[in-house]
Amino acid sequence: MAERVGGPAVFTIAAHRPFADALAAGLIARAGGDRLALARATLLVPSNRAGRAITDAFVRRSGEGLLLPRLVAIGDPELDEALGAALDPADAADGGSLPPAVEPMRRRMRLARLVAEERAVAGQPVDAAEAMRLATALGRTLDQLAIEEVAFERLLGSDVAPELSGHWQAALGVLTAVVPRWRRELAAMGRLEPAERRNRQLDAVARRWRETPPEGLVVAAGIVTAAPAVARLLRVVSWLPGGAVLLPALDLNMPEEEWEALGGGDEERAQESHPQYQLRLLLDRMGVARGEVAVWRAGGGTGASAARGRAVANAMAPARFTAKWQTLPTAGRRLTGVRAVESATPAEEAQTIAVALRQAVETPGRTAALVTPDRGLARRVSAHLARWGIAADDSAGRPLSATPPGTLLTALAAAAASGFAPVELLTLLKHPLVAGGEARLAWLGDVRLLDRALRGPRPAPGLDGVAARIAEATPRLSGWWQGCAARLRPLEAAFAGEPTLVSALAALREGAQALAGDGAWAGPAGRAAARLIEDAEAFAGEGPTALAAPAVAPLIERLMAEEAVRPPQGGHPRVFIWGLLESRLQQADLVVAGGLNEGVWPALPAPDPWLGPRIRAELGLPGLERRIGLAAHDLVGVLGSRDVLVTRARRDARAPTIASRLWLRLEAMTGGMVRARIPLAWARAIDATAEFAPAERPHPSPPVALRPRKLAVTRLDRLKADPFAFYAQAMLKLSPLDPVDAEPGPAWRGTAVHAVLEAWAKEDGCDPALLSARADAMLAGIAAHPVLRALWAPRLREAVEWIAGEMERLRGEGREVLLAEEFGRATIEGIELYGKADRIDGQADGSLAIVDYKTGTPPGPRQVFSGFAMQLGLLGLIAERGGFPGVAGEPRAFEYWSLAQKGGKLGHVAEALGKRPAIDPADFTAHAHRHFAAAASRWLTGDEPFVAKLHPELAPYGDYDQLMRLDEWYGRLGEA
């Protein structure tokens, strides 16, 4: 090999200079006037995204036109196709072509099966979703071993296993069983691990170029990975006659003592979290000293000043050298052009960023970008920018699981696994892709009717259970539901019992097609979903065999979460949103670094479930902190832009946040970054109101002629305690809806018990011997609630046995049931008073006993004395006026038959007036009459306003609190 004279050609482009533009300018200058020189050049870049950024830089400097060099992304899975002819001689030198890499989905499926089998042998069984998660992590571990060229046999020979905790020993045991089996299967398939194959390709190219240097330029640009195979190739490139290696943001001014400290020593660990560590490791493996690296001085414009670059480098000094901050001159600590915003919430942070980006693009030709690893923040900013017609797509993409096709597949799996429970079923049927086109409006109308039908306790499981509920609640919807259920029957059949992964995936594909048609597979997200389902179906037979129906949704969601969907090109030409990978090698006139909180930037290191930190260190694998160093290097690149805005929120949706360690370094070194007050003030002003005018306490006063002339005995309390709630219910006809798939609460249980007692009274003549059979029949109808049956059924049986026994006792005393579950009515004070009596008994002395069943605690005598809880008194008043047909007499007993527990037993009789009544039972109906007449004359026949929460202590229910805007005025009731 004819090596370069004078040493390797390794250069760096400082962080304060646009990398891609400087690279393009330098290569065009090297090509001189030869228009074909660039076409013959080969440019090695870290990824396809970096390649696009460099291509854009060449286009910006193309002038009258040029032919671009061949761009090769060394991280591309199809590396041999990218290198093209450069690999042919390399393959020949190896004696033939390299075996293909194993398909990613096949590897994941097979590893998941092996993990599930070995975990079962070890007595630690896992479901398919967890096996898939562990297999994905195991794939990353195998890739790291291959990239770092660490032989698996070193792990087997390690003597640290006995020192590990129990769970790490268990993980190591499964790992040492799975990997040999996987290698045998890989050899039988004639495949290679992707990372191992890439290593061989890079080594083959390096060997070929070392033996026969290419004629054109060969430049490796922007590569920071320190993998041994990459380092060997870059060393070869740096010594080629036409070769060069360009490193981004290598700090040549860093004091030698600090540089040496990055590698660690006898008493110190390597500083993996430092932004320069990865570059130092790469240079060490290339065999290049930092002093041999030169500055790339070609054009390309400038971003920040060199002074700011030195200040940023000082801020990132290793921990034991940060004492120098106290002695640095002011110029060495000043971050001119960097401003900071601390927002109260993530919503305010997103609004502030959007305002800053909007302000930047008001200047013609000025570009602006948001760089953040927080996908939620990126989506918020996109939504805010859309208010001004700025379409700033997130170029980092969205997980397939968060796109409409992805959520449709998840909803299908969740609905089928739950037996088409109401919440999951409605989520599926309301999905935006279901029944698209002109039929969408009619479809949503029917789904809303289904929503009403499914409110309350859950129906029986399955599509037939839903059909039964519809037939009971909304019969006119039955025809529509039959057609809808026909589309879902194959999905229900596939998920019955324990489906296989093959059958589950096929059912999801067919279900999506049946409900959404071709719209499920349209657009970038739809095509990505189709590819994923196709790949998964192709290799699902090689995956885990044990698959419970509830595991399908988490499994498919996990697969989709690893697939990023990037939008097609388009949108605003000067506003960009980049992830950390996309931001590398790129700059804009204004760059916003958003989400600088700990756990976001840098992100929390992803734990490795297979290799503990001790084993990783023993094997020489990258520590979990190396990602922090890469995140810090990304921030250094961002801070090299001309104008920079760094932002964070003081809390997230759950709790206060901790500022990023990188933010804290910048604050500590500078003594406090300059705050950008204008964008934050504008963001707060956008949605601020000029005048705070909270709602007043509502007090509607409709005309007397429109007020109700009927009143139920159960609504007098509401009329007196919360007149506005009565107004909303009786006049506005607004009734609260039960939640979908509601837990059977006290009100539902009370209704069910009353239904049993009503049927017992009307069909069995209150025969005590038949009451238990009625209760058992009712319990048999709540099969959808096994927990309710287990907890409530014994209590109900005991309670009805008490009722039956009490009825036998009363019959012996000459008391008989005159009426049960019947309505009565009487016109009193110009108002028709009506109510349903649970039971009216005739006593031996000819008087009446008014009985009300309660499944909970009955109201106390104090409420009755104060004019509330008048239900029994008003029913007695109706009976006194002859309002119940066939019932005559004077009410003298008013009883609550409570099924609540008292004295260790279920069931007791409580006198409405207490044992020592302050009101004589003979006067109770007159007492009730007085309170009823007073209320009727005020609100029904009078013109008194319906004031909200007149007696809030007696109005515990909040059904209408939102309508009355309670939170806006309730706290100000005591203000004078």
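The legends below describe close-up views of a predicted model.

**View 1. Crossing of helices α12 and α26.**
The axes of α12, residues 277–286, and α26, residues 626–638, come within 8 Å and cross at roughly 105°. Because angles of 65 to 115 degrees count as roughly perpendicular, α12 is described as roughly perpendicular to α26. On the α12 side the contact is made by Y277, Q278, L279 and L281, and on the α26 side by R626, L630 and H633. By residue type, the contact between α12 and α26 comprises four nonpolar, two polar and one charged.

**View 2. The largest nonpolar core and a separate core.**
The largest nonpolar core holds 99 residues. Within this core, the residues with the most contacts are L450, W481, F495 and W610. Setting aside residues up to four places away in sequence, W481 touches L425, L429, L450, L463, V466, A467 and I470. Another core, of 49 residues, lies apart from the largest one, and its members include V864, M870, F946 and Y960. In soluble globular proteins, nonpolar side chains tend to be buried together.

**View 3. Helix α27 and its surroundings.**
Helix α27 spans residues 661–670, and its buried residues are L662, W663, L666, E667, M669 and T670. The buried residues of α27 pack against helices α13 (306–315) and α26 and against strands β7 (338–343), β13 (643–649) and β14 (674–675). At the N-terminal end, α27 is capped by S660, with a side-chain oxygen 3.0 Å from the backbone nitrogen of L662. Just after α27, G671 takes a positive phi of about 75°.

**View 4. T12 in strand β1 and the residues around it.**
T12 belongs to strand β1, residues 10–13. With a relative accessibility of 3%, T12 counts as buried, because the cut-off for buried is under 20%. A polar atom of the T12 side chain lies 3.0 Å from the backbone oxygen of L247. A polar atom of the T12 side chain also lies 3.0 Å from the backbone nitrogen of L250. Not counting residues up to four places away in sequence, T12 touches L247, P248, A249, L250, L252, V293, A294, V295 and W296.

**View 5. Backbone geometry at A249, F420 and P602.**
Most residues other than glycine have a negative phi, and most peptide bonds are trans. A249 has a positive phi, near 60°, and sits in the loop between β5 (243–248) and α11 (256–262). At 12% relative accessibility, A249 counts as buried. F420 likewise has a positive phi, near 60°. The loop that holds F420 runs between α16 (404–417) and α17 (422–429), and F420 counts as buried at 2% relative accessibility. The peptide bond from W601 to P602 is cis, with omega near 5°. P602 is in the loop between β12 (590–593) and α25 (613–619).

**View 6. V600 and its contacts.**
V600 lies in the loop between β12 and α25. V600 is partly exposed, with a relative accessible area of 25%. V600 and T372 are 228 residues apart in sequence, and their C-alpha atoms are 8.6 Å apart in space. Neighbours within four places in sequence aside, V600 is in contact with P373, D374 and G595.

**View 7. A922 and P891.**
A922 is in the loop between β20 (905–911) and α36 (924–940). A relative accessibility of 33% makes A922 partly exposed. A922 and P891 are 31 residues apart along the chain, with 7.3 Å between their C-alpha atoms.

**View 8. Polar contacts of E542 with R106 and R110.**
E542 is found in the loop between α22 (523–539) and α23 (552–561). The relative accessible area of E542 is 18%, so this residue is buried. The side chain of E542 makes a polar contact of 3.4 Å with that of R106. A polar contact of 2.4 Å joins the side chains of E542 and R110. Leaving aside neighbours within four places in sequence, E542 is in contact with R106, M109, R110 and R113.

Technical notes
Residues are numbered from 1 along each chain as its sequence is written. This is a predicted model: local features need pLDDT of at least 70, side-chain atom pairs count only at pLDDT 80 or more; totals for chains, interfaces and linings use all residues. Side-chain values use heavy atoms; hydrogens and water are left out. Axes are lines fitted to C-alpha atoms, for helices over the stretch in contact, and angles run from 0 to 180 degrees between N-to-C directions. Helices (H or I, at least four residues) and strands (E, at least two) are DSSP runs, numbered from the N terminus. Angles under 35 degrees count as roughly parallel, over 145 as roughly antiparallel, 65 to 115 as roughly perpendicular and the rest as oblique. Contact means heavy atoms within 4.5 Å. Ala, Val, Leu, Ile, Met, Phe, Trp, Tyr, Cys and Pro count as nonpolar, Asp, Glu, Lys and Arg as charged, and the others, Gly among them, as polar. A nonpolar core is a set of buried Ala, Val, Leu, Ile, Met, Phe, Trp, Tyr and Cys residues joined through side-chain atoms within 4.5 Å. Buried means under 20% relative accessible area, exposed over 50%, partly exposed in between (1.4 Å probe, protein chains only). A polar contact is a pair of N or O atoms within 3.5 Å; within protein, one must be able to donate a hydrogen and the other to accept it, and residues adjacent in sequence count only if both atoms are side-chain atoms.
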